[in-house]
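Q: I would like to learn how to read the features of a protein model one at a time. Could you take me through some of them, with the general idea before the particular case?

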Amino acid sequence: MISIEEARSRLDLAGQSHILQFWDELGAEERNRFLADLSYLDPEELRDHCRGAAEAASRCSSPQDRLDELMEPVPMEFIGGVCRSDKKTLDDWENEGFLQISLNRVAVLLLAGGQGTRLGVPYPKGMYNVGLPSGKTLYQIQAERIRKVQELASTRHDSMCKVPWYIMTSEFTLEPTEKFFKENNYFNLDPSDVVMFEQRMIPAVTFDGKVILEGKGKIAMAPDGNGGLYRALVDNGILEDMKKRGVQYLHVYCVDNILVKMADPVFIGFCVKKGADCGAKVVEKAYPAEPVGVVCRVDGVYQVVEYSEVLPETTALRGPGGGLLYSAGNICNHFFTLEFLMDVAQNFEGKLKQHVALKKVPFVDAKGTAVKPDKPNGIKMEKFVFDVFQFSRNFVVFEVLREEEFSPLKNADGAPVDTPTTARRSLLNQHYRWVLAAEASFVDPQRESISPPKSGTELDEDSQPTCEISPLISYFGEGLEKLLKGRTLESPFVLDESLAEEILRAS
């Protein structure tokens, strides 16, 4: 830990001497904690960060350069997808993916730095229970999908395999996440294959480039965005850990997507067969003004363009087939080779774009009084995980069906979209479709047959049978016929391991 004299010298060099304005009012324990925090701040990095944040925020207030004239869609030869490819091709990709998994070359990496603030809970999103009959949390669902994909790959290739699970947390989510996994026995995964690491925290800054004090002896800090992944991989020795394990391919995703396919063999196989170093899963935009970024090329370079960066008439453009020209909606679901990640870490991390987020940051005023602002007063700088697309030498896109693979959990119930209710409904609807495809049927409490919905009809959770399938039974709807074909089921129906064993014993 540095001394107070060294701290003053560093902060003077960075132009942030105000940080110590309340030093004389702090107790011994508070001073020690504060000096420990300050010891992590490099004066040159801090100076550049504060200047850069203020300059970037000032640019945000001026008219933005539109990207419309520079944009073009991803060329068709670099796009694959579940509806764009025939069954044989999809099977070939799946077989390749399972092969790579069986050879211990595939890992998954979870971006779990965000808190459940918008959900109205004080804990990490992954610990959230959306109200499924089983009561499973997002973390448990994802852990069980990893266990199932390991089992499927091992069975196909008659070899035991592991899919390491790397979990990037923030200062706010590391401790509760570690505790939650320990309390749940890592959901029966090998603890050595669950690697948690922390992304960097950076100071929030005022509009004139001064670090914000959250308390008299505490700087207001924030995670550096999911693009902080690339620095965190180096700082925490994660790339070296992957190399030692023989990992060659990485599936990266966000914690809040209840439908995410962990280490998806089809996606992995597609990217490997195409020789890609970087790939993105996308869903077709629901409507032109949907507030999601689109994967495209800008001036010949791949990137995600946010809906706010283009004119409404550009988002509404149609292609030759009548669909949206810019339809590849980004869902934060990516493929990287380890070689590409090491290249980014060594050569490009410092070139990643810094994005400005104007926030209401609690602070102490000149008298040391705590203030909760009612309008944005500070700048938080973020990097985005997808901003490395520009450095790819062979970038590909894989389009999937929204109803099968994307239902994010972002808002508390009462919001129109992306709530616990919509996430739960998405999963239960999917499992209901799986059961119908396995040729089972449902009866109501009066034992009257329930007709399946007509093709293309949107399923309604309140009027359809409730049906949940454990990921330990089926990864993506496979293997259910031998358990359910010809059976008549009652709602709510929860197919877990114990019921599956009971059915097999009885058959």
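This is a predicted model: local features need pLDDT of at least 70, side-chain atom pairs count only at pLDDT 80 or more; totals for chains, interfaces and linings use all residues.

Q: Which residues of helix H8 are buried, and where do they lie around the helix axis?

A: An α-helix has 3.6 residues a turn, so residues three or four places apart point the same way. In H8, which spans residues 238-245, the buried residues are Ile238, Leu239 and Met242. Viewed down the axis of H8, these buried residues fall within an arc of 105 degrees, so they line one face of the helix. The face turned away from that buried side carries the exposed residues Lys243 and Lys244, and H8 is followed by Gly246, whose phi is positive, near 85 degrees.

Q: How do helices H4 and H9 pack, and at what angle?

A: Two quantities describe such a pair, the angle and the separation of the axes. Helix H4 (residues 87-102) and helix H9 (residues 265-273) pack at about 95 degrees, with their axes 6 Å apart, and H4 and H9 are therefore roughly perpendicular to each other. The residues of H4 that take part include Leu90, Trp93, Phe98 and Ile101, which meet residues of H9, among them Pro265, Ile268, Phe270 and Val272.

Q: How should I read the rings of Trp434 and Phe476, and where in the chain do they lie?

A: For a pair of rings, one reads the distance between centres and the angle between planes. The count comes to 22 aromatic pairs. In the pair of Trp434 and Phe476, the ring centres are 5.9 Å apart and the planes stand at 70 degrees, so the pair is edge-to-face. This pair links distant parts of the chain, 42 residues apart, with Trp434 in helix H13 and Phe476 in the loop between strand E22 (467-469) and helix H14 (481-484). Trp434 counts as buried at 10% relative accessibility, whereas Phe476 counts as partly exposed at 29%. The charged end of Lys261 sits over the ring of Phe476, 3.7 Å from its centre. Phe476 is also touched by Gln430, which lies in helix H13 (residues 420-437) and counts as buried at 2% relative accessibility.

Q: Which residues have a positive phi without being glycine, and where is there a cis peptide bond?

A: Most residues other than glycine have a negative phi, and most peptide bonds are trans. Ala263, although it is not a glycine, has a positive phi of about 50 degrees; its place is in the loop between E10 and H9, and at 0% relative accessibility Ala263 counts as buried. Glu439 likewise has a positive phi, near 65 degrees, and is found in the loop between H13 and strand E20 (441-443), but Glu439 is partly exposed, with a relative accessible area of 45%. The cis peptide bond joins Ser491 and Pro492, with omega about 0 degrees, and Pro492 lies in the loop between strand E23 (488-490) and strand E24 (493-495).

Definitions and conventions
Residues are numbered from 1 along each chain as its sequence is written. Side-chain values use heavy atoms; hydrogens and water are left out. Helices (H or I, at least four residues) and strands (E, at least two) are DSSP runs, numbered from the N terminus. Buried means under 20% relative accessible area, exposed over 50%, partly exposed in between (1.4 Å probe, protein chains only). Contact means heavy atoms within 4.5 Å. The arc is that of the directions from the helix axis to the C-beta atoms. Rings of Phe, Tyr and Trp (its six-membered ring) pair if their centres lie within 6.5 Å; planes under 30 degrees apart count as stacked, over 60 as edge-to-face and the rest as tilted. A charge sits over a ring if NZ of Lys or CZ of Arg is within 6 Å of the ring centre and within 35 degrees of the ring normal. Axes are lines fitted to C-alpha atoms, for helices over the stretch in contact, and angles run from 0 to 180 degrees between N-to-C directions. Angles under 35 degrees count as roughly parallel, over 145 as roughly antiparallel, 65 to 115 as roughly perpendicular and the rest as oblique.
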